[in-house]
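Take a look at the sequence and the structure below. Then use this briefing to find your way around.

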Amino acid sequence: MPEKLTYAAAGVDLDAADEAVSRIGKLARRTYTPNVLAGVGPFSGLFRLDLKGYADPVLVSSCDGVGTKLKLAIRWNRHSTIGADLVNHCVNDILTSGARPLTFLDYIAIAKMDPEVVAAIIEGFADACGENGVALIGGETAEMPGIYKSGDYDVAGFITGIVERERILDGSRLKAGQALIGLPSSGPHTNGYSLVRRIIFDLNDYGYDDKPEALDGATVGESLLAVHRSYLKILRPLLDADLIHAMAHITGGGIPGNLIRILPENIAAVIDTSLWTVPRVFTFLQQTGQVDRDEMFRVFNMGIGMIIAVDAEHSRDILARLADAGENACVIGHLISAPREVRLK
């Protein structure tokens with residue numbers, strides 16, 4: 001008589017999934033606020049809105065992934081930063097509208113359930129949610145052999161925030177003469193990693209602990225898996241003071257591809273790339289991969305993770321406030337009356 005077929009024999013381990021879900025619940029509960037009525041466990045998360053202080057509240061939502069940065073984490077078996085990358089990226093995206101984050105949902109799809117790997121990812125979610133004051137109220141973990149190769153996984157994040165309608169940042173407050181302030185990134189963040197992998201794995205064979213001279217003592221792994229920064233805490237006081245007119249999160253497409261997304265039709269941005277020092281990780285990638293400068297600026301953030309538009313007369317005070325908070329920001333450009341474009345010089 002043939003052996004009875006089981007789900008495990010087909011590649012899906014329900015016991016491992018149960019263990020992973022148990023760990024997820026414990027980690028997620030660290031992020032709960034009194035607003036969370038139901039979190040991980042039921043079929044849906046429940047979050048009670050506290051609308052005190054809002055006259056016309058608007059919910060702001062976004063979703064994103066980590067891209068092929070995952071391939072570095074998988075190859076080097078370093079998964080603890082991936083969750084924080086995703087949360088912070090999503091927080092920054094809705095921050096550009098002026099929103100405060102409320103809830104976060106995650107999705108993890110994996111070839112074969114590995115509770116240790118999943119727990120490392122979720123711990124990153126929980127840590128970053130806690131730091132950003134956002135509740136991790138649910139998600140989905142799917143084991144899908146046949147869709148993903150052995151050892152592979154993917155992650156996605158879904159965030160919801162809130163903003164007063166009259167305080168929404170949508171580019172309508174931008175005008176010629178305003179200054180553009182750049183806030184430093186922690187590295188490539190979560191963009192450009194298909195080119196990164198081509199440079200460090202295909203053209204070379206770098207390991208996590210390798211220390212090329214161009215990185216000045218830092219390891220390849222530390223430099224390329226550095227967590228995508230969240231700008232929420234540093235920029236919230238400026239938003240509350242109504243000092244920011246617009247902001248651009250510098251992700252895939254670099255400064256030209258992202259700054260243009262917030263510009264009105266009659267406003268152009270002029271960026272002087274000599275006004276900040278490009279971090280060594282980008283110099284390393286450019287030299288090692290023999291990548292043209294223009295291509296580097298099209299692909300990577302080149303050391304600027306967020307750009308805020310402010311009144312020029314307030315820029316000195318804003319920079320002083322940021323410096324007092326430990327932020328090494330600088331004016332990197334300005335806005336002019338011209339057809340919508342981003343000019344790098």
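The points below cover strands, cores, cysteines, one serine and aromatic rings.

This is a predicted model. Two strands pair with strand S11 in the points below: S7 and S9. The largest nonpolar core has 50 residues. The disulfide count is zero, while the aromatic pairs number six.

**Strands around S11**

- Strand S7 covers residues 179–184, and strand S11 covers residues 330–337.
- S7 and S11 run antiparallel, and four bridges join them.
- In this pairing, Ile 181 sits opposite Val 331 of S11.
- Strand S9, residues 267–271, is also antiparallel to S11, with five bridges between them.
- Here Ile 271 faces Gly 333 of S11.
- In a regular strand, side chains alternate between the two faces of the sheet.

**Nonpolar cores**

- In soluble globular proteins, nonpolar side chains tend to be buried together.
- Within the largest core, of 50 residues, Phe 104, Tyr 153, Leu 235 and Ile 308 have the most contacts.
- Helix H3, residues 82–95, gives this core its largest share: eight residues.

**Cysteines**

- How many disulfides are there? The count comes to zero.
- Cys 90 is in no disulfide, and its nearest cysteine sulfur, in Cys 63, is 7.3 Å away.
- Cys 90 has a relative accessible area of 0%, so Cys 90 is buried.
- The cut-off for a disulfide is 2.5 Å.
- Cys 129 is buried too, with a relative accessible area of 0%.

- Ser 185 is in the loop between S7 and helix H5.
- Is Ser 185 buried or exposed? Ser 185 counts as buried because its relative accessibility is 12%, and buried means under 20%.
- A polar atom of the Ser 185 side chain lies 3.2 Å from the backbone oxygen of Gly 187.
- Beyond its neighbours within four places in sequence, Ser 185 is in contact with several residues, including Arg 229, Tyr 231, Phe 282 and Asn 301.
- Gly 303, Ile 304 and Gly 305 are also among the contacts of Ser 185.

**Aromatic rings**

- A search of the whole structure finds six aromatic pairs.
- One of them joins Trp 76 and Phe 201, with centres 5.6 Å apart and 80° between the planes, and is edge-to-face.
- Trp 76 is in helix H2 and Phe 201 is in helix H5, so this pair ties together parts 125 residues apart in sequence.
- Trp 76 and Phe 201 are both buried.
- Ring pairs also link Trp 76, Phe 201 and Tyr 208 into a cluster.
- The rings of Phe 282 and Phe 300 have centres 5.8 Å apart and planes at 55°, so this pair is tilted.
- Phe 282 lies in helix H9, and Phe 300 lies in the loop between helix H10 and strand S10, so the pair ties together parts 18 residues apart in sequence.
- Phe 282 is buried, with a relative accessible area of 0%.
- Phe 300 is buried as well, with a relative accessible area of 1%.
- Phe 282 is also one of the residues in contact with Ser 185.

Conventions. Residues are numbered from 1 along each chain as its sequence is written. This is a predicted model: local features need pLDDT of at least 70, side-chain atom pairs count only at pLDDT 80 or more; totals for chains, interfaces and linings use all residues. Side-chain values use heavy atoms; hydrogens and water are left out. Two strands pair if DSSP finds at least two bridges between them. A nonpolar core is a set of buried Ala, Val, Leu, Ile, Met, Phe, Trp, Tyr and Cys residues joined through side-chain atoms within 4.5 Å. Buried means under 20% relative accessible area, exposed over 50%, partly exposed in between (1.4 Å probe, protein chains only). A polar contact is a pair of N or O atoms within 3.5 Å; within protein, one must be able to donate a hydrogen and the other to accept it, and residues adjacent in sequence count only if both atoms are side-chain atoms. Contact means heavy atoms within 4.5 Å. Rings of Phe, Tyr and Trp (its six-membered ring) pair if their centres lie within 6.5 Å; planes under 30 degrees apart count as stacked, over 60 as edge-to-face and the rest as tilted.
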